[in-house]
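Have the model open beside you as you go.

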Amino acid sequence: MVQIELTPTEINLLREIIRKQLSELTLETAFTHRKDFHEFLKRRKEFMESFVGRLERELASGTRDVVKIDRLRKVDILEGLAEEDLRSIAQYFEEENVNAGATLCEEGASAERLYVLEQGKVSISSKKGGQYDIDIPGKTVGWSFLVPPFLYTASAVAKTLSKVLVIKSPDFYYVIHKDLRWG
């Protein structure tokens, strides 16, 4: 057995790398037509899923708080999901407190995070025109995270001290690729 101590930042980076690789492996497995290669990829995918599951259970037993699913029921893009599905995705969300004036995302930047407003007010603005404020709990900010070319099409700045839930791109795509119902 090998044991390595990692900082929280290193743990999050490792999780992102593994989930990204697992998402790519899932797609590759789905689209390969060679039966022998398909079986090889399938075994590798099963190992990685098992490893990620063990890693997540270990992390959940540590100090990191998992977002309660009651909070996710209010999220506009998750409405109507079953309890089991909410429990599955809850472990990938993190809570952040954002000071007034802090930028959540900037127009044109790589869209790597999706935000869910829980408290406060966020201003959305675009160079193409318009500006509006979001102050309704459960509304998402950073939709560009879901659509190619994965660049933010607007900027989002906290107008007041705000609380947001955040899910990172590799985590989100891991969830939707591990269970085809999500896709």
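**Exercise 1.** Is Phe 51 buried, partly exposed or exposed?

*Solution.* Start with the cut-offs: buried means under 20% relative accessible area, exposed over 50%, and partly exposed in between (1.4 Å probe, protein chains only). Phe 51 has a relative accessible area of 30%, so Phe 51 is partly exposed. This is a predicted model, in which local features need pLDDT of at least 70 and side-chain atom pairs count only at pLDDT 80 or more, while totals for chains, interfaces and linings use all residues. Residues are numbered from 1 along each chain as its sequence is written, and side-chain values use heavy atoms, leaving out hydrogens and water.

**Exercise 2.** Classify the ring pair of Phe 37 and Phe 40, then that of Phe 47 and Phe 51.

*Solution.* First, the rule: rings of Phe, Tyr and Trp (its six-membered ring) pair if their centres lie within 6.5 Å; planes under 30 degrees apart count as stacked, over 60 as edge-to-face and the rest as tilted. Searching the whole structure gives three aromatic pairs. For Phe 37 and Phe 40, the ring centres are 6.2 Å apart and the planes at 20°, so this pair is stacked. For Phe 47 and Phe 51, the centres are 6.4 Å apart with planes at 20°, so this pair is stacked.

**Exercise 3.** Where do Phe 37 and Phe 40 lie?

*Solution.* Both are in helix H2 (residues 35-60), three residues apart, about one turn of the helix. Helices here are DSSP runs (H or I, at least four residues), numbered from the N terminus.

Technical notes. Helices (H or I, at least four residues) and strands (E, at least two) are DSSP runs, numbered from the N terminus.
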